[in-house]
Amino acid sequence: EDFMQEVLYDTAKFPEFARDNTATGILKVQVSGANRAFPLSDVEIEVWKEINGEKVEFYKGVTDSSGIIDNIILPAKESKKDISSASDIVYTSYILTVTYPKTNFKKDYNVGIFDNIKVIQPVRISVMPEMGTGDFYG
């Protein structure tokens, strides 16, 4: 993943992707400590996709004290008018990378984005430090 060239998404640069994804969907990311007991701020959120061998950035941000980043608008495939089978349900997949620098937590999630639908992705990060580091016990 790190060896890929990183570029920002641009419809002119990725015309095929833009043509296939004329609709939009919304992603909401909700980050909390273990057991959903408390929200986590300063968690880095990145939404990207590999297109033509490049790592294409669609969103980069950091959670605030609510632990939430809302209304990330992403390109999606237009939904079909007639849905007769599961194969008619179309979506565009993205990778959501969540990084919490304080604990070296880094994880990728596969997220499907659907036309005109808000997808909520909960992320739980265990933040108990190792015994003896002094962070909580000092």
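This is a predicted model: local features need pLDDT of at least 70, side-chain atom pairs count only at pLDDT 80 or more; totals for chains, interfaces and linings use all residues.
Student: Where is Ser32 found?
Tutor: Ser32 is in strand S2, residues 23-33. Helices (H or I, at least four residues) and strands (E, at least two) are DSSP runs here, numbered from the N terminus. Residues are numbered from 1 along each chain as its sequence is written, and side-chain values use heavy atoms, with hydrogens and water left out.

Student: OK, is Ser32 buried or exposed?
Tutor: Ser32 is buried, because its relative accessible area is 10%. Buried means under 20% relative accessible area, exposed over 50%, and partly exposed in between (1.4 Å probe, protein chains only).

Student: And what is Ser32 in contact with?
Tutor: Skipping its neighbours within four places in sequence, Ser32 contacts Phe38, Pro39, Leu40, Val123, Arg124 and Ile125. Contact means heavy atoms within 4.5 Å.

Student: Which residue is the bridge partner of Ser32 in S8?
Tutor: Arg124 is the partner of Ser32 there. S2 and S8 run parallel and are joined by eight bridges. Two strands count as paired if DSSP finds at least two bridges between them.

Student: What sheet does that belong to?
Tutor: An open sheet of three strands, in the order S5-S2-S8, with mixed pairing. S5 and S8 are its edge strands, each pairing on one side only. Neighbouring strands in this sheet are turned by 25 degrees against each other on average, direction ignored. For angles, axes are lines fitted to C-alpha atoms (for helices over the stretch in contact), and values run from 0 to 180 degrees between N-to-C directions.

Student: Is Lys118 buried or partly exposed?
Tutor: Partly exposed, because the relative accessible area of Lys118 is 38%.

Student: New topic: what's the other sheet like?
Tutor: Five strands form an open sheet in the order S1-S4-S3-S6-S7, and the pairing is mixed. Strand S1 (6-8) and S7 stand at the edges with a single partner strand each, so one side of each has no neighbour in the sheet. The twist averages 35 degrees from one strand to the next.

Student: How many bridges join S6 to S7?
Tutor: Nine bridges, and S6 and S7 run antiparallel. Ile113 in S7 is the bridge partner of Thr92.

Student: What's in the hairpin of S3 and S4?
Tutor: There are two residues between the strands, and Asn52 takes a positive phi near 50 degrees.

Student: How many of the S3 residues are buried?
Tutor: Six of the eight, so to speak a mostly covered strand.

Student: Which residues have the most contacts inside the largest nonpolar core?
Tutor: Leu27, Val98 and Ile125, in a core of 29 residues. S2, S3, S4, S5, S6, S7 and S8 each supply at least two residues of this core. A nonpolar core is a set of buried Ala, Val, Leu, Ile, Met, Phe, Trp, Tyr and Cys residues joined through side-chain atoms within 4.5 Å.

Student: What does Ile125 touch?
Tutor: Leaving out residues up to four places away in sequence, the partners of Ile125 include Val31, Ser32, Leu40, Val98, Tyr100 and Phe105.

Student: Zooming out, what's the order of elements?
Tutor: From the N terminus, β-α-β-β-β-β-β-β-β, with one helix and eight strands in the chain. Of the 138 residues, 40% count as buried.

Student: And where does pLDDT stay under 50?
Tutor: Over residues 130-138, for which the model has nine contacts beyond four places in sequence. pLDDT is the predictor's confidence in each residue, from 0 to 100. The chain mean is 88, and 88% of residues reach 70 or more.
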